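Keep the sequence and the structure in view.

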Amino acid sequence: MTSLVSLRAGDDDTLWAVIATAGRKSRVANVYRSRVDALADSAWRTQQVSDYADWLRRSRQPVPHYSVAPIRRADLPKKWSPLPALGFLRGQVI
């Protein structure tokens, strides 16, 4: 006999977004199916920014801040692509 797995309505449409913010601009850096994965990515990105904070200030680049928020697949911009993890080193924060 096959066991059925019940899914709550909307589970397949809800993702967790890691959002990069620099100044007044924000961009979805990456999306994950689970909040735990998104929090881990956000923590890693924050650690990388911390490691390069002096360099960012000396080169007058904005220091990005990362947060996690739920997002629907339909709310992603049409031509969205993931932000490189160390994109701030090439000025690709936002």
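Q: How many bridges join β1 to β3?
A: The two strands run antiparallel. Strands are DSSP runs of E, at least two residues, and helices are runs of H or I, at least four, numbered from the N terminus; two strands pair if DSSP finds at least two bridges between them. This is a predicted model: local features need pLDDT of at least 70, side-chain atom pairs count only at pLDDT 80 or more, and totals for chains, interfaces and linings use all residues. Residues are numbered from 1 along each chain as its sequence is written, and side-chain values use heavy atoms, without hydrogens and water. The number of bridges joining β1 to β3 is eight.

Q: What is the order of the strands in the open sheet?
A: The sheet has three strands with antiparallel pairing. β2 (25-32) and β3 (65-72) each pair on one side only, as edge strands. The order is β2-β1-β3.

Q: Which residue in β2 is the bridge partner of Ala20?
A: β1 (residues 14-22) and β2 pair over seven bridges. Ala20 stands opposite Tyr66 in β3. In β2, its bridge partner is Arg27.

Q: Which residue in the turn of the β1 and β2 hairpin has a positive phi?
A: Two residues lie between the strands. The phi is about 70°. The residue is Gly23.

Q: Which residue lies over the face of Trp16?
A: A charge sits over a ring if Lys NZ or Arg CZ is within 6 Å of the ring centre and within 35 degrees of the ring normal. Here the distance from the ring centre is 5.6 Å. The residue is Arg35.
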